[in-house]
Amino acid sequence: MSSLIKRSGAFEHRNPRLFVLFTTLYNARAYYPILAIFFTDLGLTLDQYVLLNFAWAASIFLLEVPSGAFADTLGRKKLLVLSAALMVIEMGLLLFAPKGGGALLFGLCLVNRILSGASEAAASGADEAIAYDALPEENRDTLWDDILSTAMRWRAGGFLVAMTLGGLLYDPSWLTKVGLTAIPIDLAHRLPMALVFLQALVCLGLALRLEEVTEPHIGDSLSRCRKAFRLTLGTARHVFTTKRIAIVLVGGLLIDAVTRNFATINSEYYRLIDIPAWAFGFIGSLVAVGNWFVPGIAKRLNHRLSPLGVLGIAAVGTIASLFLLAPAWPWFGLIPSIVVMTLLGFVSFTLSKFLHAEASSDQRATMLSVKGLAFNLGYGGYSLAFSFLLAKLRDSSEGALQSALWWQAAAMTAILIPYFLWARWTSKKAA
């Protein structure tokens with residue numbers, strides 16, 4: 001971290017410095033600990049909210065790889081400026097979404113999720129690629145490890161602040177307990193969104209200051225677009241026909257889908273285990289503190305084990321956590337929920353290190369976007385299935401969420417264990 005502040009080592013160039021700041025402000029959003037209850041308090045049902053997350057993932061599915069290819073052909077900076085601009089618009093919609101607005105509310109939330117997915121797609125791959133290619137070729141891998149570790153720690157620090165503020169701002173009842181006047185609840189519910197709106201404006205300013213360090217492919221716009229789609233198809237074909245890449249990618253996808261789905265509904269789970277809303281932010285802060293140590297642990301494990309071996313450890317942790325989540329024990333349920341969300345960063349570090357080593361410079365952003373496409377396709381499909389499960393259980397049971405958690409634990413055990421046993425056998429056979 002000190003090298004970032006001193007602008008030394010890997011951070012002598014402007015792009016890595018701006019990348020760390022951009023990814024911190026872009027990802028550490030104060031609404032994360034209360035996102036599910038924000039939508040349900042506006043008037044949506046939980047299964048509608050999960051369905052909106054499917055729309056979010058579907059927009060990324062349609063735009064992820066093309067955006068990465070456009071980043072490689074049209075320029076990474078342009079895609080990052082677009083990403084930040086879309087973030088400004090999506091947060092503006094949430095600021096003014098009407099409470100209990102029926103079809104209008106659902107429509108605005110749907111547009112918000114689509115724009116959010118488009119913003120994620122535009123940033124995915126382009127942000128890391130514009131920082132990575134700014135590094136000198138000598139010792140580039142070592143320098144990138146330093147940047148990736150620093151970025152994850154800054155994000156952890158950002159999450160620590162954002163999560164704490166998000167919960168406290170959303171539920172101002174704690175103010176009365178310390179003898180202060182509480183903020184009107186309707187205003188309080190919008191404050192986390194207003195904070196992230198300001199972050200979006202700063203992200204836009206950071207994106208505009210980035211330097212394009214690689215020359216976009218020459219030619220007119222039409223020829224460059226054709227080049228982008230050819231690069232997309234070629235990179236996707238390479239990823240999914242190269243067994244060592246495909247096996248690792250799918251393993252990460254399976255873990256990411258279930259853990260990310262839980263991360264989007266965690267505030268509803270906290271309500272289920274009787275946690276007051278004002279504490280949600282502090283829980284998010286605990287996750288951020290845990291994520292501070294993830295890069296060091298992941299880095300050591302990735303030096304000692306294969307990527308598949310590291311993901312196998314994550315799979316065991318996922319299965320154990322899912323079974324501990326399902327009983328919904330008051331307060332104790334926080335422990336497995338924190339583990340589940342910590343695994344997101346663990347898997348992300350492993351896949352990023354692996355794919356950067358596999359990608360060539362001229363297709364780096366595209367390959368990272370292929371990874372993002374696959375992960376969001378998996379997450380979107382899982383969210384859709386989980387939404388249908390919740391809707392069905394809601395009609396037949398009062399404890400729909402807890403019943404769905406038991407189904408989830410059993411289903412993921414039946415998927416993850418056979419997959420990693422098969423992947424290990426296949427890798428040994430190939431060797």
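This is a predicted model: local features need pLDDT of at least 70, side-chain atom pairs count only at pLDDT 80 or more; totals for chains, interfaces and linings use all residues.
Colleague: Is W292 buried, partly exposed or exposed?
Modeller: Its relative accessibility is 32%. Buried means under 20% and exposed means over 50%, with partly exposed in between. So W292 counts as partly exposed.

Colleague: Which element gives the largest share of the nonpolar patch?
Modeller: That patch sits on the surface and is formed by L160, V161, L165, V289, W292, F293 and I297, with about 590 Å² of accessible area together. The largest share, four residues, comes from α14.

Colleague: Okay, over to A151 in helix α8. Is A151 buried or exposed?
Modeller: A151 is in contact with F19, V20, T23 and T24, leaving aside its neighbours within four places in sequence. The C-alpha atom of A151 is also separated by 9.5 Å from that of F22, 129 residues apart along the chain. With a relative accessible area of 0%, A151 is buried.

Colleague: What's the phi of D274?
Modeller: Most residues other than glycine have a negative phi. D274, in the loop between α13 and α14, is exposed at 53% relative accessible area. D274 isn't a glycine, yet its phi is positive, about 65°.

Colleague: And A328, is that buried or exposed?
Modeller: A328 is found in the loop between α15 and α16, and its phi is positive too, near 55°. Its relative accessible area is 10%. Buried means under 20%, so A328 is buried.

Notes. Residues are numbered from 1 along each chain as its sequence is written. Side-chain values use heavy atoms; hydrogens and water are left out. Patches are made of residues with over 30% relative accessible area and no salt bridge: like charges are joined within 9 Å, nonpolar side chains (Val, Leu, Ile, Met, Phe, Trp, Tyr) within 5 Å. Accessible areas come from the Shrake-Rupley method with a 1.4 Å probe; for residues, only the protein chains shown count as cover. A salt bridge is a side-chain nitrogen of Lys or Arg within 4 Å of a carboxyl oxygen of Asp or Glu. Helices (H or I, at least four residues) and strands (E, at least two) are DSSP runs, numbered from the N terminus. Buried means under 20% relative accessible area, exposed over 50%, partly exposed in between (1.4 Å probe, protein chains only). Contact means heavy atoms within 4.5 Å.
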